[in-house]
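I set out to record how the parts of this assembly meet. The entries below are kept in the order in which I looked things up.

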Amino acid sequence: MPKATNDAQLLIQSLRKAYAATPTNLKIIDLYVVFAVATALIQVVYMGIVGSFPFNSFLSGVLSCVGTAVLAVCLRIQVNKENKEFKDLPPERAFADFVLCNLVLHLVIMNFLG
Amino acid sequence: MAEPAGGGALRNAFGGVLSIFILILIGVLAFSIRLFSVIKYESVIHEFDPYFNYRVTQFLTKNGIYDFWNWFDDRTWYPLGRVIGGTVYPGLTLTAGTMWWILNSLNIPLSVETVCVFTAPIFSANASWATYLLTKEVKGAGAGLTAAALLAMVPSYISRSVAGSYDNEAVAIFALIFTFYLYIKTLNTGSLFYATLNAIAYFYMVCSWGGYTFIINLIPMHVLLCIVTGRYSSRLYIAYAPLVVLGTLLAALVPVVGFNAVVTSEHFASFLVFIILHVVALVYYIKRILSPAMFKVAVTLVVTIGMAVCCAVIAILIALVASSPTKGWSGRSLSLLDPTYASKYIPIIASVSEHQPPTWPSYFMDINVLAFLVPAGIIACFLPLSDASSFVVLYLVTSVYFSGVMVRLMLVLAPAACITSGIALSEAFDVFTRSIKFQLPNLFSNSPSAGDNSSESSVSQDVVKNDNHRQVEKSETVPKVKGDNSRPTEKSEAVMKGKQSKKNRKKEKDLEEEDILKPKKERRLLVLPLEASAVAILLLIVLGGFYVVHCVWAAAEAYSAPSIVLTSHSHDGLHVFDDFREAYAWLRHNTDEDDKVASWWDYGYQTSAMANRTVIVDNNTWNNTHIATVGTAMSSPEKAAWEIFNSLDVKYVLVVFGGLVGYPSDDINKFLWMVRIGGGVFPHIKEPDYLRDGQYRIDAQATPTMLNCLMYKLSYYRFIEADGSGFDKVRRTEIGKKHFKLTHFEEAFTTHHWMVRIYKLKPPKNRIKGKWKKSKSSSKSSSKRNGATRKNPWQ
């Protein structure tokens, strides 16, 4: 057991060290993803408390959070300089795609919200 | 370098223009091969289901979209009605309605019927272009053109999209191929823009057809396949994750799907793979930022903890799913997975002729030559294997399985077969034309390098097909023209220029490698002997010719019948049987607006659309008990049937009878299904009562129950007067009971060839002679009487 906790501590430390090396813009995107997922979790807990009556509203709320998190991850993948596949993709184009997809997502959400 | 670059660009431009010209021709071909029924008969809507779609489109064009969305139809499934807005897939009607509206606002006054009739050919042209785009993403422009040409003509697709076949598949197949194209495009490029377009195309597919569940299960399967075979990449994430979220939302927007998009088992695969994909992505990310030693530690830690959590979650999930009797799957999906399910539990699904498994000859009839080009295409997809080609192989394999379960799903096999056959044909043509092109100058010049070429070709150890993206040039002749024949793509030209400088270095290195490691797999281009290639090209063209001839024959003879108008050729010319429309027109003009018409569910849509009368059951078959009620009434003796129909406010009963002219799809042939479905809900109807020694007969050997049932009486009433001997041309015997009177029904109308017979319910007499009857005749449930002798108050 102590070896396991020791390993866990080492692991967490090395993770933290490696993560600290990522550029700031990627960290901002990560923060946004965490925020979106946290919002989704809060909504699920709230649904557990008060019941799911307007189910479409619940669905659209949760899926909008999850959707924007997923899109932010896609943006992060495309903007990440270490990613060789997206070397020729200008980050402005990646951001424009992100905005477009978010627009479509939220248009659908607003329609489905009821 | 300017000279060869200019020459290359010119050839490029010429190739591009030629491609566009070929695509336009393919579109025209796809459109015109489907016009046979319009030429042979008239511009009329075919079959049964299209009439419902036509009626809905009429309503949409007349009343606008908001009324359409909220439409509650009270003229069908009387007295239940049907919520059309919530139970119809709106894609087809909205598409046709939009086209009609655009044309009318441009002052081109086409009627709704014309637009409906020609929707399918237009969208099949679009489907061919979508196939071109999809195959181009997989293998290149040459394969794309071949696949598009094959799809334009494949009989299986023609059968559901002739002019007049105004059904969901007409637009749905186009949506299917287009969605797959956008998915592959996103997978190849990793662009979020195409991912958005993919989700929107998937939305169009969900609007159009119930078969959209095929897409939302095939794409997760492919993602899983890529992960398992180690082809995970960030492009895969971008292709799949936004599609799941956006796609689920968009699917939930369509009223007919609604919350099924998140609750039913058909969609669980997509969520499961979504979670798996995220786990895999996280693992790859951590692997990239950690050192290998730390990564090992992380793995062991996570595995031990994660296992426990996983088991708990899976246990909860299984408990949830197992608590529902069908494990959350709908009846139709279950009958696809287990082909014997429908015949055991849901006779209605089993009774539809389209839901039967296909016979072996039907494969050859429907995809013809493609049936043996497909395996060659599968092999071509493996050399080399890319994400896109693995998707095509997976699509083909799953659609072959499903087409084996239901004849109707041969339609989903058709695009897969065309794509793989297109790839195979294109590769074959590549090899042969390349052989000819490389050996033609040697033939004329007789240089010593001819000897090199033949030795190279005989040494080829493995069949290596040309790959447009990666080539290692080995032959020493003709340095300018690389591997491509007269259909270059822009990509390969660019690759060519880049590889030219590397070519020399690689050549020396590879020559050394070849000497050292003989059996190592080398990427060399296959060159066959000149005469063999020429003969092979000729044979392939002849094969294509056979295919074309067969497709045109199938389109003209087999699949162009509107089935509402029948023709037959006899010694004195062409007979046209227009009995159905005659009967519906009679109903329309000779009955009251609110009269209810009862018939078997096959004719419900046509009656609603053409006769404009309220029907009891129609082809939607959503309410099994209601259909069983009608089936019981048809199987009961006259009095009991009268009671049932009277309780449903029915005024007219419509029966289809083919005995006089030999029309085989009449109600007497379908009668056993009425008995089975009725017996499934009302146990006093037993199928063995209608069979003599297990055989279904209507002659003198038939059982008394059979001879007394309503269907028999309504079909054969006064039949003896028609041809003197009561000889039924379909069953090929004389009928059993020849002279009888109808007690509770009177004949209202019989069409010219006796194919449709309409009867009116006699009103009850005012006074009932005899004893006062205790049992009420107003019982709404079916009568329990089974023909026991009682005093008949109507005689």
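**Conventions.** I am working from a predicted model, in which local features need pLDDT of at least 70 and side-chain atom pairs count only at pLDDT 80 or more, while totals for chains, interfaces and linings use all residues. Residues are numbered from 1 along each chain as its sequence is written, chains are lettered from A and ligands numbered from 1 in the order in which they are written, and side-chain values use heavy atoms, with hydrogens and water left out.

**Chain B against chain A.** I looked up the contact (heavy atoms within 4.5 Å) and found 33 residues from chain B and 40 residues from chain A. Chain B and chain A bury about 3,000 Å² between them, with 81% of it on carbon and sulfur atoms; buried area is the accessible area (1.4 Å probe) that two parts lose on being put together, summed over both. In chain B, the residues that lose the most area to chain A are B:L192, B:L249 and B:F259, together 19% of what that side buries.

I then looked for salt bridges (a side-chain nitrogen of Lys or Arg within 4 Å of a carboxyl oxygen of Asp or Glu). The rule finds one across this interface. B:R235 and A:E85 form a salt bridge through their side chains, at 3.7 Å, N to O.

I noted the elements next; helices (H or I, at least four residues) and strands (E, at least two) are DSSP runs, numbered from the N terminus. Those giving two or more residues to the side of chain B that touches chain A are α11 (192-208), α13 (234-253), α15 (268-289) and α16 (292-322) of chain B. α13(B) gives the most to that side, with 13 residues.

**Domains of chain B.** The domain assignment, automatic or from a database, gives domain 1 (13-264 + 329-428) and domain 2 (575-761). I read a separation of 36 Å between their C-alpha centres. The contact takes 23 residues from domain 1 of chain B and 31 residues from domain 2 of chain B. About 2,500 Å² is buried between these domains, and carbon and sulfur atoms give 60% of that area. I found two salt bridges across the domain interface by the rule. B:E42 forms a salt bridge with B:R581, the closest N and O atoms being 2.7 Å apart.

**A sheet in chain B.** I traced an open sheet of five strands with mixed pairing, in the order β6-β5-β7-β13-β12; strands pair if DSSP finds at least two bridges between them. β6 (614-615) and β12 (745-750) of chain B stand at the edges with a single partner strand each, so one side of each is left without a neighbour in the sheet.
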